[in-house]
Amino acid sequence: MKDNPDLGGDLVTQDNPRIVHLFQSIDRVFARLELMAKNYKPVLNGERYLTDKEVSQRLKISRRTLQDYRNEGKIPYCQIGGKILYRESDLQKMLDDSYREAYK
């Protein structure tokens with residue numbers, strides 16, 4: 001059996017630098033996939049819904065302020081039982097409508 005010139009004729013073991021690098025790359029891919037799976041939110045009818053915690057983090061406001069916005073009718077929401085959800089598109093529209101150009 002001939003030696004493989006790509007491997008330098010060495011026996012490939014788990015201590016081989018190329019194999020170590022391969023396993024490290026695989027570990028990084030798995031870590032990214034786990035992060036993506038953790039943050040994945042399925043869409044309903046093409047729409048993403050966010051919780052009050054997610055919205056308050058994105059808007060950099062407290063959950064209490066978010067509740068005030070709901071009570072004052074400043075922000076649209078859906079309530080199913082005791083759970084309140086916000087459509088991502090509604091939040092974007094609210095931000096777009098509130099956008100003010102800088103003075104020139």
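Predicted model: local features only at pLDDT ≥ 70, side-chain atom pairs only at ≥ 80, totals over all residues.

Tutor: To get our bearings, Phe-23 is found in helix H1, which covers residues 17-39. Phe-23 belongs to a nonpolar surface patch of about 690 Å², together with Leu-22, Ile-26, Val-29, Phe-30, Leu-33 and Met-36. Phe-23 counts as partly exposed because its relative accessible area is 46%, between the 20% and 50% cut-offs.

Now for the charged pairs. The structure holds 7 salt bridges. One of them joins the side chains of Glu-88 and Arg-48, at 3.8 Å from N to O. That pair ties together distant parts of the chain: Glu-88 sits in helix H4, Arg-48 in the loop between H1 and S1, and they are 40 residues apart. Glu-88 is partly exposed at 27% relative accessibility, and Arg-48 is partly exposed too, at 28%.

Another salt bridge links Asp-97 and Lys-93, at 2.8 Å from N to O. Here both residues lie in helix H4, 4 residues apart, or about one turn of the helix. Shared partners also build a network of salt bridges from Arg-48, Arg-58 and Glu-88. Glu-72 and Lys-74 make a salt bridge as well, at 3.1 Å from N to O, and Lys-74 is partly exposed at 47%.

The buried residues of H2 (residues 52-59) are Glu-54, Val-55 and Ser-56, and their cover includes strand S1, helix H3, strand S3 and helix H4. Just after H2, Lys-60 takes a positive phi of about 60°.

Definitions and conventions: Residues numbered from 1 in each chain as written. Heavy atoms only, no water. Patch = residues over 30% accessible without salt bridge, like charges linked within 9 Å, V, L, I, M, F, W, Y side chains within 5 Å. Areas by Shrake-Rupley, 256 points an atom, 1.4 Å probe, with all protein chains shown as cover. Salt bridge = Lys/Arg side-chain N within 4 Å of Asp/Glu carboxyl O. Helix = DSSP H or I, 4+ residues; strand = E, 2+ residues; numbered from the N terminus. Buried < 20%, exposed > 50% of the residue type's maximum accessible area, 1.4 Å probe, protein only. Contact = heavy atoms within 4.5 Å.
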